[in-house]
Amino acid sequence: MENKGLTKVDLIFESIDIMKVMKKAFEMTSDEIIQQILESGLKGRGGAGFPTGLKWKYTAAEKDPEKYIVCNADEGEPGTFKDREILDKVASKVYAGMTIAGKAMGARKGFIYLRGEYRFLLPQLFAELHKFHKLINEIGYDFSIEYRMGSGAYICGEESALFESIEGFRGEPRNKPPYPTVSGLFSKPTSINNVETLVTSVMIIEKGANEYFKLGTKDSRGSKVFSISGDTPIPGIFELELGMTVQEFVNEFGDGDTKAVQVGGASGFCVPRKKFKDTIIGFEGVPTGGSMKLFNSSRSMYNVLHNYLDFFAEESCGQCTPCRVGCQQLLKGVEKVKKGESKSTYLNELVKLADTMKVASKCGLGQSVGNAFKSIVENFREEIIY
Ligand SMILES: Cc1cc2nc3c(=O)[nH]c(=O)nc-3n(C[C@H](O)[C@H](O)[C@H](O)COP(=O)(O)O)c2cc1C
Ligand code: SF4
């Protein structure tokens with residue numbers, strides 16, 4: 001287990017000369033840009049952790065002259081608020097990341113899908129975008145970005161549901177394959193990347209892949225912006241090198257009485273105190289799109305679980321049966337066990353249902369409901385039963 005300890009980093013919010021990085025990228029060939037991102041080991045920061053360089057490479061390989069780069073700023077995962085901060089503080093880096101990705105893949109158009117609740121940021125985001133468009137026009141580069149607004153549906157953060165939403169349809173996930181790199185927005189080759197992924201790629205071009213590669217571990221290169229909330233004396237946004245244990249994280253951010261940390265939001269995993277020391281935060285342990293929620297001993301883990309299940313039952317798009325019915329049944333099931341209307345052994349049946357949902361659901365929403373469900377039931381069973 002490679003353990004890097006807890007180190008604060010300032011990469012994402014570091015102030016840089018955007019035009020200098022853009023010029024550097026423009027002097028590189030598409031292959032050179034993609035090679036840098038591949039060599040950095042960067043994996044997507046939106047949650048799934050797909051290697052960013054590969055995504056760009058696959059999109060670049062498509063012959064269609066019309067391609068898109070989409071920035072996923074839907075940020076719907078409970079407990080995640082880092083993309084809002086990135087857009088608020090360094091929007092021009094997001095625009096630069098999209099332009100560089102566009103150059104690497106041959107896309108001339110970018111869309112940013114912004115969480116509906118972040119509408120209040122639009123005036124400043126438009127002002128920054130106007131300045132950015134002027135700058136790239138001055139150097140004669142043909143690339144433009146437009147905003148599209150979300151409307152409060154968690155499922156619209158899922159990449160193919162997001163495309164449906166931009167295209168004006170109900171936000172429901174598509175069948176895969178084809179993957180977005182082949183047929184994405186408007187059925188054209190598309191790379192969709194998280195806000196933080198795009199900014200990180202700018203910093204990789206600026207510093208060089210070798211420098212970035214030194215941060216983090218074999219499976220989790222680099223640093224990550226965390227949204228820290230719950231029972232902590234210092235809630236907020238922190239950028240940390242990847243590869244710390246949950247214990248090291250709790251030593252820094254806990255209130256001295258942390259009994260569990262929910263890593264990765266409602267779709268992530270609950271780590272109990274007894275596993276803090278042996279669990280690495282990253283792709284080799286518990287991955288996270290950034291949400292870190294701490295719970296102390298005053299919290300009922302039944303209430304935590306109920307809250308997540310209620311969220312999933314509400315947000316399931318209803319398209320496939322395992323998720324639509326499964327979310328409702330898990331919610332009703334734990335309620336019955338808590339009230340004593342079902343035996344505690346019924347929890348074992350519900351765990352089997354969560355396993356079935358993982359393999360039978362159509363998209364990541366239904367597939368990940370079991371993460372929080374199983375990790376809370378397995379580690380806090382005594383708090384769930386009557
Ligand atoms: C239900 C659901 C919601 C999602 N919400 C988001 C989101 O708000 N932001 C995001 O970047 N990715 C979200 N994703 C992941 C995206 O589908 C996609 O993997 C991501 O935008 C790819 O970017 P990356 O490779 O830079 O991580 C969500 C996935 C699912 C299944
Ligand atoms: S898993 Fe859930 S959210 Fe995803 S397509 Fe099926 S019903 Fe919709």
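The following legends describe close-up views of a predicted model.

**Figure 1. The protein chain as a whole.** The protein chain contains 14 helices and nine strands. Its radius of gyration is 21 Å, close to the 21 Å that the globule rule gives for 386 residues, so the chain is as compact as a globular protein of that length. Along the principal axes, the C-alpha atoms fill a box of roughly 70 × 45 × 35 Å. Buried residues account for 51% of the 386 residues. Of the contacts between residues at least 6 apart in sequence, 73% join residues at least 24 apart.

**Figure 2. An open sheet of four strands.** The strands follow the order β3-β2-β1-β4, and their pairing is parallel. Strands β3 (144-149) and β4 (190-194) stand at the edges with a single partner strand each, so one side of each is left without a neighbour in the sheet. From one strand to the next, the twist averages 20°.

**Figure 3. Strands β1 and β4 with helix α7.** Strand β1 (residues 68-73) runs parallel to β4, and five bridges join the two. In one of these pairings, Val70 has Ile192 of β4 as its bridge partner. Helix α7 (residues 195-207) lies across β1 and β4 and runs at about 95° to β4.

Definitions and conventions: Residues are numbered from 1 along each chain as its sequence is written. Chains are lettered from A and ligands numbered from 1 in the order in which they are written. This is a predicted model: local features need pLDDT of at least 70, side-chain atom pairs count only at pLDDT 80 or more; totals for chains, interfaces and linings use all residues. Two strands pair if DSSP finds at least two bridges between them. Axes are lines fitted to C-alpha atoms, for helices over the stretch in contact, and angles run from 0 to 180 degrees between N-to-C directions. Two residues are in contact if their C-beta atoms, placed from the backbone, lie within 7 Å. The radius of gyration is taken over C-alpha atoms; the globule rule is 2.2 Å times the number of residues to the power 0.38. A residue is buried if 20 or more other C-beta atoms lie within 10 Å of its own, exposed if 12 or fewer, and partly exposed in between; C-beta atoms are placed from the backbone.
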